[in-house]
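This briefing is for a reader new to the structure shown below.

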Amino acid sequence: MSSIAAGFMLASAQPAMAQSGTNSPYSQFGLGQLSDQSSGFNRGMDGVAIGFHDHNQVNYLNPASYSSLDSLSFIFDVGLSGQITNFKENGVKKNAKNADFEYIVAGFRVLRHLGLSFGFLPYTNVGYSYTSSTKLGDANATTSTDTYNGTGGFHQVYLGLGWSPFKGFAVGVNGGYLYGNYSRTLVNSFSNSYVNSISKIATADVESYKLNFGAQYTARLTKKDELTLGVTYELGHKLGGNPELSVISSNASTGVADTVVYKGNGAKLQLEMPTTIGAGLMYNHDNKLKIAADYTLQKWGKVEEPGYSSDNGVISYAMMSGQYKDRHKVTLGAEYCPGEHNRHFINRVRYRVGVSYATPYYYINGQNGPKEMSASLGFGIPIMNSWNNRSILNISGQWVRRSATNFITENTFRINIGLTFNERWFAKWKVQ
């Protein structure tokens with residue numbers, strides 16, 4: 001497609017774009033590039049989470065897991081990442097660097113079998129800047145240049161509860177406030193100053209809610225082995241956002257500019273998020289070896305988006321269907337810890353590995369968008385000193401490849417760092 005064709009270059013990428021967490025031209029589609037949303041310990045296993053529950057880690061992706069939190073602890077987890085991405089198309093390669101503040105989550109036990117969590121997480125990221133030029137072949141050898149820029153994204157703050165009504169079974173819910181905005185600009189300019197340049201600026205500003213539910217059932221297989229089945233459901237709904245499209249026609253030689261703002265042809269324009277369902281299994285052997293698998297389905301195929309069209313000179317900006325497709329994702333991950341309470345440091349380290357595969361959720365000029373493959377390797381390093389031996393430093397390396405036929409191939413290497421503070425706030429003190 002012309003919007004990410006052979007002329008694509010990242011030499012013009014702006015430093016401020018690092019704040020969005022991406023430089024990907026694919027983030028111009030849909031709601032942007034979907035964020036991982038997992039915590040530091042999940043990322044070492046490439047994000048596997050639906051069947052996971054742990055007494056000293058907050059697992060936002062299934063709120064039922066909060067019921068397993070340690071009754072004596074307050075857990076606070078903060079994470080950040082840095083990445084290098086290589087973009088390749090038609091033999092042309094470019095690199096881009098990003099650093100991003102990822103998440104803050106916290107959790108603690110409120111009552112017996114009832115856990116609470118709250119925090120801040122990204123939902124999508126938008127960040128790109130590139131140009132594409134073509135020769136028109138007219139008598140003036142005019143060059144047409146398309147310049148693409150986009151910034152923004154959506155974030156959420158949430159509060160969640162997880163409750164275990166009886167042994168082995170837990171349910172949970174997260175209620176969140178989703179907010180953010182984006183601005184996407186396409187400027188079509190010409191080397192011939194007598195030809196009008198056209199700028200199209202699409203914007204939206206979202207303030208809405210987000211709800212997801214979860215359940216887990218753990219079956220004891222033997223004295224040392226158990227199997228957990230987890231399921232999740234996220235409510236799809238309209239987000240509002242007041243999408244607008246401004247079209248500006250300007251002439252460099254005369255300095256005259258004309259602006260038309262489209263807010264929908266008599267119809268309400270809205271962004272929308274899909275219904276998401278997920279299922280996962282986790283096998284736990286003696287709290288030393290944990291092996292898990294997740295499957296998630298996002299029902300993007302039923303979601304509409306605002307779209308621009310021009311038919312015989314009649315311009316419209318209206319809701320369009322058929323721009324998205326259902327997204328499937330499969331993740332496999334494992335964690336091994338020789339002895340969580342062992343006195344020797346090396347035996348308390350958690351070793352993690354994971355892989356995943358995801359299909360695209362949008363079309364590009366009628367063709368499938370990029371599929372995604374990734375793999376990760378991580379460690380949970382215990383922090384041991386005279387006043388705290390329960391906190392964990394989670395470090396992981398992750399490789400992500402996005403590719404689509406005839407379009408750009410992205411290879412990203414990302415370093416994730418998460419620090420989980422685990423403080424004994426609720427222990428009862430004895431005075432001798």
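**The chain as a whole**

Of the contacts in the chain with a separation of 6 or more, 67% are between residues 24 or more positions apart. The model is predicted. Its chain has two helices and 23 strands. Of the 432 residues, 49% count as buried. The chain exposes about 20,000 Å², and carbon and sulfur atoms supply 58% of that area.

**Aromatic pairs**

- A search of the whole structure finds 15 aromatic pairs.
- One of these pairs is formed by Phe29 and Tyr362; the two rings are stacked, at 5.2 Å centre to centre and with 25 degrees between the planes.
- Phe29 is in the segment before β1 (33-34), and Tyr362 is in the loop between β18 (350-358) and β19 (363-364), so the pair ties together parts that are 333 residues apart in sequence.
- Phe29 counts as buried because its relative accessibility is 14%, under the 20% limit.
- Tyr362 counts as buried too, because its relative accessibility is 7%.
- Trp300 and Tyr324 form an edge-to-face pair, with 5.2 Å centre to centre and 70 degrees between the planes.
- Trp300 belongs to the loop between β14 (289-298) and β15 (305-311), while Tyr324 belongs to the loop between β16 (314-320) and β17 (327-336), so this pair ties together parts that are 24 residues apart in sequence.
- Both Trp300 and Tyr324 are buried.

**Aromatic cluster and a charge over a ring**

- Which residues form one aromatic cluster? They are Phe29, Trp300, Tyr324, Tyr361 and Tyr362.
- The cluster therefore includes both residues of the pair that ties together parts 333 residues apart in sequence, Phe29 and Tyr362.
- Elsewhere, Arg184 lies over the face of Tyr182, at 4.4 Å from the ring centre.

**Nonpolar patch on the surface**

- A nonpolar patch on the surface is formed by Leu80, Phe101, Tyr357, Met373, Ile395, Trp399, Phe413, Ile415 and Ile417.
- Together these residues have about 770 Å² of accessible area.
- The elements that give two or more residues to the patch are β22 (392-403) and β23 (409-423).
- The largest share, three residues, comes from β23.
- Met373, a member of the patch, is in strand β21 (residues 371-382).
- Met373 counts as partly exposed because its relative accessibility is 31%.

**Asn62, a residue in a loop**

- Asn62 is in the loop between α1 (40-43) and β2 (74-89).
- Is Asn62 buried or exposed? Asn62 is buried, because its relative accessible area is 0%.
- Leaving out residues up to four places away in sequence, Asn62 touches Ala49, Ile50, Gly214, Ala215, Gln216, Gly230, Val231 and Thr232.

**Ser197, a residue in a strand**

- Ser197 lies in strand β7, which covers residues 197-220.
- Ser197 counts as buried because its relative accessibility is 16%.
- The C-alpha atom of Ser197 is separated by 7.2 Å from that of Val187, and the two residues are 10 residues apart along the chain.
- Leaving out residues up to four places away in sequence, Ser197 touches Asn188, Ser189, Ile248, Ser249 and Ser250.

Definitions and conventions:
Residues numbered from 1 in each chain as written. Predicted model: local features only at pLDDT ≥ 70, side-chain atom pairs only at ≥ 80, totals over all residues. Heavy atoms only, no water. Phe/Tyr/Trp six-rings, centres within 6.5 Å; stacked < 30°, edge-to-face > 60°. Helix = DSSP H or I, 4+ residues; strand = E, 2+ residues; numbered from the N terminus. Buried < 20%, exposed > 50% of the residue type's maximum accessible area, 1.4 Å probe, protein only. Lys NZ or Arg CZ within 6 Å of the ring centre and 35° of its normal. Patch = residues over 30% accessible without salt bridge, like charges linked within 9 Å, V, L, I, M, F, W, Y side chains within 5 Å. Areas by Shrake-Rupley, 256 points an atom, 1.4 Å probe, with all protein chains shown as cover. Salt bridge = Lys/Arg side-chain N within 4 Å of Asp/Glu carboxyl O. Contact = heavy atoms within 4.5 Å.
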